[in-house]
Amino acid sequence: MSAEAQKQAAAEVAVAKVESGTVIGVGSGSTVNLFIDALAASDTRIEAAVAASEASAERLRGHGIDVVDANRVTELAVYIDGADEINRHLQMIKGGGGALTREKIVAALSKRFICIVDESKRVTALGDFPLPVEVIPMARSYVARELVKLGGRPELREGFTTDNGNIILDVRSLDLSKPLHREQELNNLAGVVTNGLFALRPADELLVGTDTGVQRFT
Ligand code: 5RP
């Protein structure tokens, strides 16, 4: 089974967990695109969605699904999103698509975070995937130097601007064995908007598409 088929299987199980009439959070990326398409093809009719990227908002609207501003909701029933890596504590690295800040905001607003992935995303230790860090452009060099002091090897994501008008530094070699501490430490650097560690707010449920079906972890 291809990674694409595994993502599709996980996306379809996630659709079954969404209740009609609710306002939900929708993340970003190729797995979420499959979720959006599967949701639109299903009998489930949500009231509206808060989207974590302009691309997801456009896809939702393309299917006739209402997209509302995050400031108009106090709580979301559920948030469906993918991940670049996820460990057994359901802590993640996210932001491969550069939507990490909005993804973190939507996750914070949500009662329940369901992560949907193909099995290549499950890891025993976070950190093979370069950690995305969203930075205000003025602070690019300062933050890069601080990341080097912490043991990282930051690289500017060339030709990329986030939906918030910022840059991304992709950081290799950082020790992520204490993700809760690392997430807070990176957030404390002046000029960092957010980083792609989702440890303070991990997923509540993980759906992994595999060749033998969708495995569920909580
Ligand atoms: C985007 C993300 C995505 O969830 C992550 O990159 C996974 O993407 P895909 O489903 O395409 O593998 O965090 O910022």
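These legends walk through several close-up views of the structure above.

The model is predicted: local features need pLDDT of at least 70, side-chain atom pairs count only at pLDDT 80 or more, and totals for chains, interfaces and linings use all residues. Residue numbers start from 1 along each chain, as its sequence is written.

**View 1. Helix H1 meets helix H2.** Here the axes of H1 (residues 3–16) and H2 come within 8 Å and cross at roughly 50 degrees. Axes are lines fitted to C-alpha atoms, for helices over the stretch in contact, and angles run from 0 to 180 degrees between N-to-C directions. Helices (H or I, at least four residues) and strands (E, at least two) are DSSP runs, numbered from the N terminus. H1 is therefore oblique to H2; angles under 35 degrees count as roughly parallel, over 145 as roughly antiparallel, 65 to 115 as roughly perpendicular and the rest as oblique. The crossing of H1 and H2 is right-handed, meaning that the near helix is turned clockwise from the far one by less than a right angle. On the H1 side, look for Lys7, Gln8, Ala10, Ala11, Glu12, Ala14 and Val15; on the H2 side, Ser30, Thr31, Leu34, Phe35, Ala38 and Leu39 make the contact. Residues are in contact if their C-beta atoms, placed from the backbone, lie within 7 Å. The contact of H1 with H2 comprises eight nonpolar, three polar and two charged residues. Ala, Val, Leu, Ile, Met, Phe, Trp, Tyr, Cys and Pro count as nonpolar, Asp, Glu, Lys and Arg as charged, and the others, Gly among them, as polar.

**View 2. Helix H2 beside helix H3.** H2 (residues 30–41) and H3 (residues 54–62) pack at an angle of about 15 degrees, and their axes are 10 Å apart. The two helices are therefore roughly parallel to each other. H2 passes H3 in a right-handed crossing. Val32, Asn33 and Ile36 of H2 meet Ser56, Arg59 and Leu60 of H3. Three of these contact residues are nonpolar, two polar and one charged.

View 3. Of the 17 residues around the ligand, Gly29, Thr31, Gly82, Gly96 and Gly97 come nearest; a residue is near if its C-beta atom, placed from the backbone, lies within 6 Å. The shell holds three nonpolar, 10 polar and four charged residues. H2 and H4 (100–109) each supply at least two residues of this shell. H4 is mostly covered, with seven of its 10 residues buried: Leu100, Thr101, Arg102, Glu103, Lys104, Val106 and Ala107. A residue is buried if 20 or more other C-beta atoms lie within 10 Å of its own, exposed if 12 or fewer, and partly exposed in between, with C-beta atoms placed from the backbone.

**View 4. Gly191 in its loop.** Gly191 sits between helix H6 (179–187) and strand S10 (192–195). Gly191 counts as partly exposed because it has 17 C-beta neighbours inside 10 Å. Leaving out residues up to four places away in sequence, Gly191 touches Val135, Ile136, Met138, Ala139, Tyr142 and Val143. Gly191 and Met138 are 53 residues apart in sequence, yet 7.6 Å apart in space, C-alpha to C-alpha.

View 5. Most residues other than glycine have a negative phi. Leu90 has a positive phi, near 65 degrees, and lies in the loop between strand S4 (85–86) and strand S5 (92–93). Ser173 also has a positive phi, near 75 degrees, and lies in the loop between strand S9 (167–172) and H6.

Definitions and conventions: Contact = placed C-beta atoms within 7 Å.
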